[in-house]
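Welcome! Here is a friendly briefing to read with the structure open beside you. Take one topic at a time and look for each part as you go.

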Amino acid sequence: MNKFRKFAFLTTVATYILIFIGGLVRVSGAGLGCPDWPKCFGRWIPPLNIDRLPPEIDPSAFNFTLAWIEYFNRLAGIVIGILILITAILAIRNYRRVKSIVYPSIAAALLVAYQGWQGSVVVSSKLEPFIVSVHTVLALIIVSLLVYVTQRAYYLELGVTTVADLFPKKISRESATLWGAAILQALLGTRVRSAVEELRRAHPLSSDLDLMGMLSPEFYVHIVLGLLVIGFTFHIARALLKKSEQLPGLVRQSIYGMVILMMAQLVLGFALIVIGMPALIQVFHLWAASLFVGLNLVLYTALKR
Amino acid sequence: MNKGKIQLPILLGIILAAFMAIGGAMVIYQAEKSRSSIPELWTVPEFEFTERSGEAFGLDDMKGKINVVDFIFTNCPDICPVMSARMSELYRYYSEYDFVRFVSISVDPQRDTLETLRAYAGSWGADDDRWVFLRAPIDEVVRVMEGGFKLTALELPMGHSNRFVLVDKNGVIRSYHDSFDDADLEALKGNIKQLAKGM
């Protein structure tokens, strides 16, 4: 593995961890743990106890645990932002003439800078649902760009071999469609979560299970599209595994990974409906979706080369 | 394809997922715990006041419910209308839940007759017993206000507090909230939500 690919791969893994942390912030209700941005309770490092709060801040608004959860998310965001910036610099230095690596790397760096600024909008909007959804979808696009860049570097390192002829072009088109559907599905998922929160404002003391019974058609669209994505994944897996003998290892692993993730999503989604949205399952539901988006891109890149 | 090659990433994936699940569960648990730790302050003393309906109302009537208590008087020129408006908002906000009760106690019993309290309640849209309006001799009110709710009762009726007091289902005071402060009222809602989990 060359230096760039190693770095891009690590950055991708770190970004996935950040997506998980972001999900945790959301479900633990720590999104407004720091009510200001970029500082937290008027300080660069949040107060360690209530006595150190600036006088202009109401002590009843301070929750040590939530402040530090949100602060850790911001710190992780800064570290990953720097990693993505370094990835872009390395791409420009090492692959100046390879547009398929340089452009997505620069796009990821620009988007992560925007994402950082957008974090302030998330806070100042007091977690306005649409803005939170944009924040989530942007994270999926950034991680997709990183996956793509890592993959391209891998194939460049491997040399000029092509497997595209092995597979009907239809399958790579289907894989691209699946990527779009998975992003749309994640967006709908964030809308469902927001819809539950809006219902909670109107029915503040009702259980999540009761609230889910009141959900709008968006919720059913999310379920139906989810089942379609699962069906489509199995269809692509079946079509590719038919060519089992000629499948490169990465393609095979991506397919297995995608099928496992889809089965996990089926179980997690079912658990969310039956148990009533337990926080940890929500995080894994989103995280598995983000892994699926990445693996699907690995597959797409492998089929297109 | 070598079986071992495919099993290793799956195994690593399971280990990673297990670590993340444990870490995630700990973070969520700590966040939940940090919100639910509402201290138990003082127990409300026994009292027997009269509700606007004419019926007796005491500590036993507060027990078994989440109570938001304030002290007002109907001739109050400035503070009380704001307090009652805020209380009225909360009364409507929790309209689905019988177990959340609002208690307004008059600090001017001489002028606040039962009839006056009924008219005042009606003007704020209080049309059921989720929001009760109480009166009692002023000495009794001062005893409960100062000794029980730990609120100052200087130069009544004007010198009453603008705070809402949250009392749990056991008659224990859990928190105080400035009725003029939106953020503090949000904190009150958060505390009610926590207490509702035990209902």
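A helix here is a DSSP run of H or I with at least four residues, and helices are numbered from the N terminus. With that in hand, just after α3(A) you can find A:Lys126, which takes a positive phi of about 55°. Please keep in mind that this is a predicted model.

**Helix α3 of chain A**
- Helix α3 of chain A covers residues 99–124, which is 26 residues.
- How far apart are the end C-alpha atoms of this helix? They are 37 Å apart, which agrees with the 38 Å that the helix should span at 1.5 Å a residue.
- Several residues of α3(A) are buried, including A:Ile101, A:Pro104, A:Ala108, A:Val112 and A:Gln115. Further along, A:Gly119, A:Val122 and A:Val123 are also among the buried ones.
- What do the buried residues of α3(A) pack against? Their partners are α2 (64–94) and α4 of chain A.
- A handy rule to keep in mind: an α-helix has 3.6 residues a turn, so residues three or four places apart point the same way.

**The two domains of chain A**
- Where the domains of chain A meet, 20 residues of domain 1 are in contact with 19 residues of domain 2.
- On the domain 1 side, the elements giving two or more residues are α1 (3–27) and α4 (129–158) of chain A. The largest share comes from α4(A), with 13 residues.
- By class, that side of domain 1 of chain A has 13 nonpolar residues, six polar and one charged.

**Nonpolar cores**
- The largest nonpolar core has 70 residues, and A:Phe292 and A:Leu299 touch the most other members.
- Helix α9 of chain A (residues 279–304) gives the largest share of this core, 17 residues.
- Which residues does A:Phe292 contact, leaving aside its neighbours within four places in sequence? They are A:Ala182, A:Met258, A:Leu261 and A:Met262.
- There is also a second, separate core of 43 residues, which includes A:Leu205, B:Ile72, B:Phe73 and B:Ala187.

**Where chain B meets chain A**
- In this contact, 24 residues of chain B touch 24 residues of chain A.
- On the chain B side, α1 (3–36) and α6 (182–196) each supply at least two residues. The helix that gives the most is α1(B), with 13 residues.
- The side of chain B that touches chain A has 15 nonpolar, three polar and six charged residues.

**Chain B as a whole**
- Chain B has six helices and seven strands, arranged along the sequence as α-β-β-α-β-α-β-α-β-α-β-β-α.
- Along its principal axes, the C-alpha trace of chain B spans about 90 × 30 × 30 Å.
- The radius of gyration of chain B is 23 Å, whereas a compact globule of 199 residues would have one near 16 Å.
- Buried residues make up 37% of chain B.
- Among contacts in chain B between residues at least 6 apart in sequence, 66% join residues at least 24 apart.

**A close look at B:Asp139**
- B:Asp139 sits in helix α5 of chain B, residues 138–148.
- Is B:Asp139 buried or exposed? B:Asp139 counts as exposed because it has 9 C-beta neighbours inside 10 Å, and the cut-off for exposed is 12 or fewer.
- B:Asp139 and B:Val107 are 32 residues apart along the chain, and their C-alpha atoms are separated by 9.9 Å.

Key
Residues numbered from 1 in each chain as written. Chains lettered and ligands numbered in written order. Predicted model: local features only at pLDDT ≥ 70, side-chain atom pairs only at ≥ 80, totals over all residues. Contact = placed C-beta atoms within 7 Å. Nonpolar A, V, L, I, M, F, W, Y, C, P; charged D, E, K, R; others polar. Expected span 1.5 Å × (residues − 1). Buried ≥ 20, exposed ≤ 12 C-beta atoms within 10 Å, placed from the backbone. Core = buried A, V, L, I, M, F, W, Y, C linked by C-beta atoms within 7 Å. Rg over C-alpha atoms; globule rule 2.2 N^0.38 Å.
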